[in-house]
Amino acid sequence: EVIGEPDAQLALTSWGPTASVVRHAVMRKLREGAPIKAFFPRMLCPMPDNAIRRELQGVRRVIVCEMNAEGMYAKILRHRYNQRGVHAVLKDLGEPFRPGDITPYIDMALEEATRI
């Protein structure tokens with residue numbers, strides 16, 4: 001699933017239960033006019049390589065929201081797809097993400113992009 005601006009330079013991604021929260025945060029920012037997109041793979045094994053490569057094309061920054069301490073999905077994006085600018089937002093204490101946990105990271109990434 002992909003939402004947002006197809007040519008956005010900022011993308012968010014997540015999977016599993018966290019995807020619905022990220023989707024909500026992205027939709028909120030899209031309504032405000034933010035030039036972002038998000039993609040949500042349904043499974044990570046086997047990895048949907050073609051779809052992920054397509055969505056990462058032209059993206060300069062990726063925010064990956066994960067419910068673990070290691071940032072495993074972010075590491076995959078960095079190494080398997082040679083993607084730079086990957087930032088992992090992690091939670092590992094059992095509390096789920098809320099959209100308000102994610103929107104500040106979107107705002108920071110958009111602010112930094114305007115300075116480039």
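User: A disulfide is a pair of cysteine sulfur atoms within 2.5 Å. By this rule, to how many disulfides does the count come?
Analyst: This is a predicted model, in which local features need pLDDT of at least 70 and side-chain atom pairs count only at pLDDT 80 or more, while totals for chains, interfaces and linings use all residues. Residues are numbered from 1 along each chain as its sequence is written, and side-chain values use heavy atoms, with hydrogens and water left out. A disulfide is a covalent bond between the sulfur atoms of two cysteines. By the distance rule, the number of disulfides is zero.

User: Is cysteine 65 buried or exposed?
Analyst: A residue is buried under 20% relative accessible area, exposed over 50%, and partly exposed in between (1.4 Å probe, protein chains only). Cysteine 45, with 72%, is exposed. Cysteine 65 has a relative accessibility of 1% and therefore counts as buried.

User: Which residue has its backbone oxygen 2.8 Å from a polar atom of the side chain of serine 14?
Analyst: Serine 14 is placed in the loop between β2 (10–13) and α1 (18–31), where helices (H or I, at least four residues) and strands (E, at least two) are DSSP runs numbered from the N terminus. Its relative accessible area is 0%, so serine 14 is buried. Contact means heavy atoms within 4.5 Å, and beyond four places in sequence serine 14 touches residues including Phe39, Phe40, Pro41 and Tyr73. The backbone oxygen at 2.8 Å belongs to cysteine 65.

User: To how many salt bridges does the count come?
Analyst: Side chains of opposite charge can pair when their charged atoms come close. A salt bridge is taken as a side-chain nitrogen of Lys or Arg within 4 Å of a carboxyl oxygen of Asp or Glu. By this rule, the number of salt bridges is 10.

User: How many residues apart in sequence are the parts that arginine 61 and glutamate 112 tie together?
Analyst: The closest N and O atoms of the salt bridge between arginine 61 and glutamate 112 are 3.0 Å apart. Arginine 61 belongs to strand β4 (residues 61–66) and glutamate 112 to helix α4 (residues 99–115), so the pair ties together parts whose separation in sequence, in residues, is 51. Arginine 61 is partly exposed at 24% relative accessibility, and glutamate 112 is partly exposed at 35%. The separation asked for, in residues, is thus 51.

User: Are lysine 91 and aspartate 101 buried or exposed?
Analyst: The side chains of lysine 91 and aspartate 101 meet in a salt bridge at 3.1 Å, N to O. This pair links distant parts of the chain, with lysine 91 in the loop between β5 (86–90) and α4, and aspartate 101 in helix α4, 10 residues away. Lysine 91 is also in contact with Glu66, Met67, Asn68, Pro96 and Phe97, among others, when neighbours within four places in sequence are left aside. Both lysine 91 and aspartate 101 are buried.

User: Which residue has its backbone oxygen 3.2 Å from a polar atom of the side chain of arginine 78?
Analyst: Arginine 78 is placed in helix α3 and, at 31% relative accessibility, is partly exposed. Beyond four places in sequence, arginine 78 has contacts with Gln83, Val86 and Ala88. The backbone oxygen at 3.2 Å is that of valine 86.

User: How are α2 and α3 oriented to each other?
Analyst: Axes are lines fitted to C-alpha atoms, for helices over the stretch in contact, and angles run from 0 to 180 degrees between N-to-C directions. Helix α2 (residues 49–56) packs with helix α3 (residues 72–80) at about 80°, their axes being 12 Å apart. Asp49, Ile52, Arg53 and Leu56 of α2 and Tyr73, Leu77 and Arg80 of α3 make the contact. Angles under 35 degrees count as roughly parallel, over 145 as roughly antiparallel, 65 to 115 as roughly perpendicular and the rest as oblique, so α2 and α3 are roughly perpendicular.

Technical notes: Polar contact = N/O pair within 3.5 Å; in protein donor to acceptor, adjacent residues only side chain to side chain.
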